[in-house]
Structures are given as C-alpha cells and as structure tokens.
Protein chains: 2
Amino acid sequence: MSDLGSHDRVRAIQWAEDRLQLLDQRRLPGEEIYLSLTDVGAVADAIRDMVVRGAPAIGITAAFGAVLAARHRYMEDRQAWRETLQTDLALLGGARPTAVNLGWALARVGECLKTVRGDPEPVLLALAREIHQQDITANRRMGELGAALIEPGSGVLTHCNTGSLATGGYGTALGVIRSAWAAGRLSAVFADETRPWLQGARLTAWELVQDAIPVSLLVDGAAAHLMKSGQVQWLVVGSDRIAANGDVANKIGTYAAAVAAHHHGVKVMVVAPCSTVDMNTPTGADIPIEIRPESEVLELAGQSVAARGAKAWNPAFDITPAQLVDAIVTERGVVERPDPAGMKALMS
Amino acid sequence: MSDLGSHDRVRAIQWAEDRLQLLDQRRLPGEEIYLSLTDVGAVADAIRDMVVRGAPAIGITAAFGAVLAARHRYMEDRQAWRETLQTDLALLGGARPTAVNLGWALARVGECLKTVRGDPEPVLLALAREIHQQDITANRRMGELGAALIEPGSGVLTHCNTGSLATGGYGTALGVIRSAWAAGRLSAVFADETRPWLQGARLTAWELVQDAIPVSLLVDGAAAHLMKSGQVQWLVVGSDRIAANGDVANKIGTYAAAVAAHHHGVKVMVVAPCSTVDMNTPTGADIPIEIRPESEVLELAGQSVAARGAKAWNPAFDITPAQLVDAIVTERGVVERPDPAGMKALMS
C-alpha cells in the first residue's frame, strides 16, 4: 500500500518507452492492466471502446495518438507525411462525438504542425506532454476555486468519474471534492453508481477509497430521494462539452440529477477546463449525443441480464440547460448562473 | 412457444399438491425455476429474499403462507394452535416493512380465524384463493380504467415490475400498459431497467416480450432525457403503499422519475389495488422505508463491481408526494390529483 492518494499514484495515461500506455479502465477495479500502444488505429479503438474515457483524458490521449501517427507517417514517406497524417487525425477525431476536448486537442496538433520542419515526432510529443501537464495544473486550480464555493459542513453528490482516471490527473469535479475534503469542508461524499458503465462504482469509488475519503454509492435513481433527505447541498459534476450559452453535456443521468437538485434547492456545480468549452456550439441542442450499443444496457460482464427480444435505448450523454447550473468552474475562473455573456467573458 | 401472453401463462404464485409453489424471480429471465414450499419459515424467507416481490404478490403469498402455518400448528396441537399461529403470522408480517399488502392480507387472515371452528386449513386456503382471484379481477378493472386515461398515440414509461410477476396476474401499472396497448392507444413503451435489482430489464421486459409488446429499456438516469425528447406522455407506476393523503411509496427511483415528469409536463399515473391504500398511515413520511443490503449495489451476480472499501446506501423505496401524482387508479375508481378528501371518498 502506498501513502500516496490515487490522484498521485494513478497514471491513466503515460508516455513511456516511446509508446502510449493506457490503464484499461474497463477492467477496474478488479484488475490494473496497462495497454501499450504504438499504432494510431489502436488509440482510436481505445477511445471508442472506453479503455480510456473522460473528456480531458480523451483529449490528452488523442494528442499522444497523433505522436504515434506522425512517427509512422514520417517514416513511411518524408515528403507526403503531412497529407497522409490528416487521415489519422480524422480517425482520432471521429472516435467519439460528444467530448469536444478531442477536437480541441487535435486542433492544437494541427496548429503545431503548421510550423514543423523535419521530423514531427519530437515537436508533437512536447505538445502532448504540455497538454497533459496543463490539464493537471488546471485541475488543481479548479479544485481550489470549486472548493471555495462549498459551505463547510456540506454533503456532496457526484455522478460518473471525473477524477485522475478521467483527466490528466487529480480530476475536475472529483478534484473539487478532493480539495474540499482536504479543507475539511465536507460532511459526506455520495456517488451515483452511474449506469450503464458503472463509472461511479468502479472508478470514482476506487479513487476515493485510495485517498481514504469515505464514499457512499447509490443507484442513480436514489439521487432524488437522497436530496430530499437533506444530506447533500451540492451536486458536483464534470462535462464533456459546454456550449456558448452555458448548456452542459455530461454523462447520461446528469440531467436527471440536475432536475432533482433544482426541485430540492440543491446547488449544481459543473467543473471543466476551458478545453471543454466550445464557443462554436451555440446551445446544448447543437451538441451531438452519442448513442452507444444496446449491449451496454442488456448485458452485464458479457452475460445477458435482460429478456431476450428486449431492445435498449442507450444515449451516453444528456444536456443540462444552463438554467439548472449554479456555477461553472474552470481554471480561468467561475461563471455563476452561466449565460452567453458570462461564457463569452470567460473565454475572451 | 405459446400463443398465450405472459399474463395468462405466468403463474408466479400457485397452490398445487397441497403446497405453495413460487417462481423464483431472482433467476429470471435466465431460468424458470419453481420453489415448492411447505413451511411458513421458508415462505417468510422467500418474501425477504425476493423470490417473490411486488406488493400485491407479497400479500397473496403471505395468505398462502398462513395456510401452511395453520396446517402445521393445528397438527401440532389441536387446542393451542390459535396462539402458536400468531408467532408465524408475525414472522410473515415482518418479512418486509414497506408493502402494506402484507399486513392487509394478514389482517384478513386474522378476521377469518375469528370464526374458524376445527381445522383452519380449508378455510384459510379458500381465503387465500379468494385474495388471489380478487387481485386478478382488480387488475383487469384497473387496466381498463387506467388505459382510458391515456390519450391515443401516447408513449409511456414504467419503472420496476408491476406485471403478472408482481401481482396475482395481469398486473397493475403493467396491466394498464397491456390494456392500453391492446386498445391501440400506445405509440411506444419504455421501461427503466430499475437498479439495483433490475426488475425492469429482467422481469418487465420478459413479460412484455412474451406478450409481443415492443419495449425499449433504458438506464434509470436516462428517464429525464427521454421525457425531454417528447417520446413519453405518461409515467405509469405501481405502489407498495399509498398513504391517506395520496403520498405514494414505490420502488427506489420512482420519485426521481416523478420529479422529472413534473418538470417536463409528463403525467404520472399510480396503479394499485385498494389493498395497497393504508388509511392508517397519514402521510408518506409515516411509511417505513426498507434499507436493503449494501451488496445489492456493490455486487452484480455475486461478483464485486465496486471498489473494495466503498460503502453503499440502498433504500429499496422512495416516497412520491401526492402533489406530483396526476391520477391514482384503483379497482374502485380513479382519484385525480389525489388529496386526503379524494382518498377518503375512494375508501369509504
């Protein structure tokens, strides 16, 4: 056992021995297995199949994926590599549709490539490392800013996983919870199990247990009942994309929790780096919602649980309108009661 | 394959060969196994361990359990059996706390016993069969009354299982859905998977597939997103206890769905026989909420899914206040916008 918390110990994304090493989050908490990737196709698969998930983590992974792609294309043809690399970047960009951090990271790759002369690998590797490190720094700052909003003695509820596993390290919403816990402001931490993928039970609980922060899991449907009981004062969640008007895309179930929070006077905090804010998407209605395979609902651990012949409707995300959000916390600052003007002021 | 729908074919509770036969609902939909019970202790265990579940089904099961107990006590001692039987009835009554149908059925047993002379078994068996048959008749009537409230072309969402498996046969909320489907009034049927026990995925889908009624399962957290999409006009649920003011106890997640329905202008229908109405419980706050084992949330099919060291908070039911309910449908009639006066008029 290490004295380090999981936010220091967990390295969901690592560059080592000239390759990308990803902790396979599908196997947690039972097994800690790292996949070693040298091929951009395998990186795109890993994003699509949720070896790695969480909007910031997907962005960082894509940046490292671009390094692998550039290495291969440059070795293949030192003249035409820029052109062929575009195919690889498009493959990465299409791996998952909702998290804008993916497109944001690839846009930075594209910008960087404009000035590259000669071998692109070292330049893109430096960029990927910078994106990774900036995300960790942003998380620490958001942790401070978000924790300061939470009144001492509060209980918090979170949804999905937004910790070290979902980001470069430390976490967005879970970073705020870590900071608030360290500052002695929290009376209790609750986590939705987060169906169908059980990110809450499998990942968030795993991180919090390692940090010795007591956590109570609940089924997603119990969140409203919990709020009615008076045990939580804040719902703290991450985001996969924030539109220019402050509407928030996040893991399916977030909207239900936000509606329940609104009904009970529980405040809603969305914690995400500016790389998650997409000023080119006017409203939540313009955010593409990924529909994932029915099997994620109909099966558990490869075993069919639902009756044969039943269908499933499996949207991976939902949209929480800005009107239900009390505060958006970014590394640049907090937008309270978000609206187009507040978002514009933040991002300009 | 049978031409019969599951509401005709499924016999979750049967009296055959002088014993109680229960379809083990923990094993569905994978296996159809009947447990054969001759002992009241085994019946109490079956209720507590959810071999049989659903408020009306629990009441019927308890009535048959009383037959087995009376047989044993009468054989044991033809003088003192009335006294010793009380212990058995108390054991049955304490098997689960929330569903009032259990106490209701045992009160009818108690009333019946007052006039028994000689061997109590035949009299109690006749009573149990009457309770069972009355429940089926009530379900058919509720099916008609509830279906008439649903505008043609509506989509419906249900939660948990309220069909043949949860009742004497046909179902409460699922009975309404069956009747409305048969009458051609429904555009779509959605069912929450209903964590942690997955009654929706395992049981409701199983019943509807057998009836050839198309059903789409969704994770409980997706219900609000579904409502926002405009695909459902009614949330139709059962109940484990309805208080004198119209507050409704039902499977955990019902309250969250009702809050979301209220937010979206989706109507809420609660379907339950009068045996579920408890005029001695003034409000929902007076209904005891069963807290079930943490393992139901932390494990799936006996395998740990959550991180070791995580706790779980596992209330089995929640309370939906009358203000969020548009109609309570019983076999005696419909109470729209339920309140104490409406409930009193229904039950008097």
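How do the residues of the lining of the second largest pocket divide into nonpolar, polar and charged? The lining has 10 nonpolar, 5 polar and 5 charged residues, where Ala, Val, Leu, Ile, Met, Phe, Trp, Tyr, Cys and Pro count as nonpolar, Asp, Glu, Lys and Arg as charged, and the others, Gly among them, as polar.

This is a predicted model, in which local features need pLDDT of at least 70 and side-chain atom pairs count only at pLDDT 80 or more, while totals for chains, interfaces and linings use all residues. Residues are numbered from 1 along each chain as its sequence is written, chains are lettered from A in the order in which they are written, and side-chain values use heavy atoms, without hydrogens and water.

**View 1. The second largest pocket is lined by 20 residues.** W104(A), P273(A), C274(A), S275(A) and E331(A) lie nearest its centre, and α6(A) gives the largest share of the lining, 4 residues. A pocket is an open set of points on a 1 Å grid where a 1.4 Å probe fits, with protein on both sides within 12 Å along at least five of seven lines, and lining residues have an atom within 4 Å of a point.

**View 2. An open sheet of 8 strands, with mixed pairing, runs in the order β14(A)-β6(B)-β5(B)-β4(B)-β7(B)-β10(B)-β16(B)-β17(B).** Strands are DSSP runs of E, at least two residues, and helices are runs of H or I, at least four; two strands pair if DSSP finds at least two bridges between them. β14 (311-312) of chain A and β17 (333-336) of chain B stand at the edges, each with a single partner strand, so one side of each has no neighbour in the sheet.

**View 3. Helix α6 (residues 121-149) of chain B packs on the sheet.** This helix touches β7, β10, β16 and β17 of chain B, contact meaning heavy atoms within 4.5 Å.

Notes. Axes are lines fitted to C-alpha atoms, for helices over the stretch in contact, and angles run from 0 to 180 degrees between N-to-C directions.
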